[in-house]
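Colleague: I am new to reading structures, and I would like to learn it feature by feature. Could you take me through one?

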Amino acid sequence: MFTRKFIIVCLTTIMILSAITITGAIAQPLSGIKFIVDAGHGGRDPGAVGANGLTEKQINLQVAQALRNCLIEYGGATVQMTRVNDTYISLESRVNKANINKADRFISVHHNGSVNPTHNGTAVYSGSKGSSKSHDLRNKVQKRLVEMTGLRDLGANTANFYVLQRTSMPAILTEASFITNPKEEAKLRSPAYLWREAYYIYLGIVDHMGN
Ligand SMILES: [Zn+2]
């Protein structure tokens, strides 16, 4: 009797463990999807610069690298970066890399700049000639980034940025906040804050791909 009960318990345990394994596989929401993550600027092109010297190229790369890790580790996606260190890469090379590799999505990470130091807010762009998929991706990432930054929602916008117009797959460009706002610049020096920014971009991508 005890042996039979024991066998049933063992079998039940095995079944539960199998179910968890299956669920674990399904929980990789971006499996089989190829991303290009593009850290804006680099090398001789610093991008926007904060009043206290923080450069956009530097934080773009940190967020892009964290985003790559989220996409791979949590999403199960395949990711290529347009740059992995402080080097200058032309816009044309960035786009070519995405098009040649037939990426499914292109995510360009930037931060905004303004001559007005009080200016701040969150914006995400898709191309003005972009597909409905690119606009959907932009809307979902925008929603998540506003949730994370708590800053003014500058709206989901379209723009004729080179990397958005020339890429042959749905593409977006994120501007989570303004590096030229000294309060924001201080926050952007925190690796934890930059990691959260990347994670919320990731969540927006999952929201979009889940459809
Ligand atoms: Zn930029």
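Colleague: Where does L188 lie?

Modeller: L188 lies in helix α6, residues 182–188. Helices (H or I, at least four residues) and strands (E, at least two) are DSSP runs numbered from the N terminus. Residues are numbered from 1 along each chain as its sequence is written. This is a predicted model, where local features need pLDDT of at least 70 and side-chain atom pairs count only at pLDDT 80 or more, while totals for chains, interfaces and linings use all residues.

Colleague: Is L188 buried or exposed?

Modeller: We count C-beta atoms, placed from the backbone: 20 or more others within 10 Å means buried, 12 or fewer means exposed, and anything in between is partly exposed. L188 has 24 other C-beta atoms within 10 Å, so L188 is buried.

Colleague: And which residues is L188 in contact with, leaving aside its neighbours within four places in sequence?

Modeller: Contact means that two C-beta atoms, placed from the backbone, lie within 7 Å. On that basis L188 touches L54, I59, I179, Y193 and L194. As for S177, it is 11 residues from L188 in sequence, and their C-alpha atoms are 9.0 Å apart.

Colleague: Two of those names might come up again. How do α2 and α7 pack?

Modeller: Axes are lines fitted to C-alpha atoms, for helices over the stretch in contact, and angles run from 0 to 180 degrees between N-to-C directions. The axes of α2 and α7 are 8 Å apart, at an angle of about 50°. That makes the pair oblique, because angles under 35 degrees count as roughly parallel, over 145 as roughly antiparallel, 65 to 115 as roughly perpendicular and the rest as oblique. On the α2 side the contact includes I59, and on the α7 side it includes L194. By class the contact has 13 nonpolar residues, one polar and one charged; Ala, Val, Leu, Ile, Met, Phe, Trp, Tyr, Cys and Pro count as nonpolar, Asp, Glu, Lys and Arg as charged, and the others, Gly among them, as polar.

Colleague: What is the length of α4?

Modeller: Helix α4, residues 132–149, has 18 residues and reaches 26 Å from its first C-alpha to its last, close to the 26 Å expected. The expected span is 1.5 Å times one less than the number of residues. Its buried residues include L137, V141 and L145, and the buried residues of α4 pack against β3, β4, β5, β6 and α7. Just after α4, G150 takes a positive phi of about 70°.

Colleague: Which value of phi does H41 have, although it is not a glycine?

Modeller: H41 has a positive phi of about 65°. H41 sits in the loop between β1 and α2, and counts as buried because it has 22 C-beta neighbours inside 10 Å. K102 has a positive phi too, near 50°, and lies in the loop between α3 and β3. K102, with 9 other C-beta atoms within 10 Å, is exposed.

Colleague: And how much of the chain counts as buried?

Modeller: Of its 211 residues, 41% do. The chain comes to seven helices and six strands.
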